[in-house]
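Subject: Structure handover

Hi,

Here is the structure I promised to pass on. My notes follow below it.

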Amino acid sequence: MPVRDGALPAALADRLDRLRSAEPYKVGFPGWSTPMPEALLPFFSHELNNYGDPDGDPVFPWHTKDLEREVIDQVAEMFGARLDSRWGMVTVGSGEAILYGLWHARQRFPHACVFHSTAAHPSVLRAAALLRMPAVAVPTDGRGELDYAALRSRCARTPGSAAVVVATVGTTLTEAVDDVPRIRAVLADAGVTDQYLHVDAALAGMPIALASGCPPSFGLHNQGGDSLSISGHKFLGTPFPTGLLLARSGPLPTAVPGSTLCGAPDGTSSSRNGHAALLLWYHLRRHGAGGLRRMALRCQAVAEYAARRLSAAGWPAWRAHRYALTVVFRTPPPAVLDRWPMPAVGEISHIVCTPGVTHERIDRFVAAVRAAS
Ligand SMILES: Cc1ncc(COP(=O)(O)O)c(C=O)c1O
């Protein structure tokens, strides 16, 4: 069937209906939806290609690399990175940002093992495998936080004086937070002199930093991470996957034969999404640090409400820490899961109270759990 200009093909109209009717039941995953600001719509009729490494502009004007640099600067500031050495870029998502973080690590310590907890996101293992870095899984406690004694013994057993650790600040299932300064102390105690810490802060990095005070203990400073990754489509709510890689310093010069065909050196990356940087820039400017902080506190209050309401309804629920947006509980019956999609790992499920989740939505979810139990 040909598609006519201006008319929505039936297959897409059905899809839009399905999307709209799924929206009120969205609690199980950390993305959320918000209307696209009308002022931004004209940009979506233009190509925006942030070609090349983040520091230089291409010769063509259809990019937003200046906005990208502002986004990186603002978020790096929030995490305490030094102005004169900080580096970063907008990525496809946290998965790609973790890959770049581990690439930085491998540049510095080419033979080091990557230590990560068993609750780390699969993208950590994937990145280590792509970079051919050996990976060592370290157990966690019952809630998903790294077991520091186990990290120490794994490090002591691994030859060499260098180690790369990926700390998770907000594990995917329970939002458990690994203690970054404690990891540094454990590594020093195990005789690791060359340390590289990447902080996977996909969902929780921003809301925790905003609510607990910037820079947070896991920020980009001496006791914190060397690099840090965040997703743009989770707490910040871009309608397509995006991410940020932030680092205390840039990558080392590589043997990759970059070119300047488009004006900007491309030793690190070539075409990248300019609309992602535009939306992130707009979102940060529109809300400002104060607005984002209020948003984080509101989300945390909704999560606290959800845990209380579920527990009161006879379905015990908990949060890993007081800033958590994630509420964890025993997996509800299939009748609930059919309507309210969410992960079910073993017998554990969760909801994530990102800014789109309202008290009203929580009330309907709790009513559904109560009716099915
Ligand atoms: C802790 C953690 N790290 C990494 C990722 C991957 O993020 P993205 O979907 O932005 O690639 C996720 C996704 O849920 C996550 O929870």
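This is a predicted model: local features need pLDDT of at least 70, side-chain atom pairs count only at pLDDT 80 or more; totals for chains, interfaces and linings use all residues.

Arg132 is exposed, because its relative accessibility of 77% is over the 50% cut-off. Arg132 sits in the loop between helix H4 (122-130) and strand E3 (135-138). Its phi is positive, near 55 degrees, and it is not a glycine. Most residues other than glycine have a negative phi.

Glu175 lies in the loop between strand E4 (162-168) and helix H6 (180-189). Is Glu175 buried or exposed? It counts as buried, because its relative accessibility is 1%, where the cut-off is under 20%.

Now the ligand. There are 14 residues around it, and Ser94, Gly95, Thr172, Asp200 and Ser231 come nearest. By class, this shell holds 10 polar, 2 charged and 2 nonpolar residues. Helix H3 (residues 94-108) supplies the largest share, with 3 residues.

- Thr172: an N or O atom of its side chain is 2.8 Å from an oxygen atom of the ligand.
- Gly95: here a backbone N or O atom is involved, 2.9 Å from a ligand oxygen atom.
- Lys234: an N or O atom of its side chain lies 3.2 Å from an oxygen atom of the ligand.

On its own, the ligand has 400 Å² of accessible area, and the protein covers 83% of that.

Lys234 is in the loop between strand E6 (227-231) and strand E7 (243-247). It counts as buried because its relative accessibility is 17%. What does Lys234 touch, not counting residues up to four places away in sequence? The contacts are Pro30, Trp32, Ala202, Leu203 and Thr354.

Next, helix H7 (residues 205-212). This helix is mostly covered, with 7 of its 8 residues buried. Those are Gly205, Met206, Pro207, Ile208, Ala209, Leu210 and Ala211. They pack against helix H2 (65-78), E6 and helix H8 (274-312).

The backbone just past H7 needs a check as well. Gly213 comes just after the helix and has a positive phi of about 115 degrees. Then Cys214 and Pro215 are joined by a cis peptide bond, with omega about -5 degrees. Most peptide bonds are trans. Pro215 is in the loop between H7 and E6.

Last, Thr64. It lies in the loop between helix H1 (10-22) and H2. Thr64 counts as buried because its relative accessibility is 4%. Leaving aside neighbours within four places in sequence, its contacts are Leu48, Asn50, Gly274, Ala277 and Leu278.

Over to you.

Best wishes

Methods. Residues are numbered from 1 along each chain as its sequence is written. Side-chain values use heavy atoms; hydrogens and water are left out. A residue is near a molecule or strand if one of its heavy atoms lies within 4 Å of it. A polar contact is a pair of N or O atoms within 3.5 Å; within protein, one must be able to donate a hydrogen and the other to accept it, and residues adjacent in sequence count only if both atoms are side-chain atoms. Accessible areas come from the Shrake-Rupley method with a 1.4 Å probe; for residues, only the protein chains shown count as cover. Helices (H or I, at least four residues) and strands (E, at least two) are DSSP runs, numbered from the N terminus. Ala, Val, Leu, Ile, Met, Phe, Trp, Tyr, Cys and Pro count as nonpolar, Asp, Glu, Lys and Arg as charged, and the others, Gly among them, as polar. Buried means under 20% relative accessible area, exposed over 50%, partly exposed in between (1.4 Å probe, protein chains only). Contact means heavy atoms within 4.5 Å.
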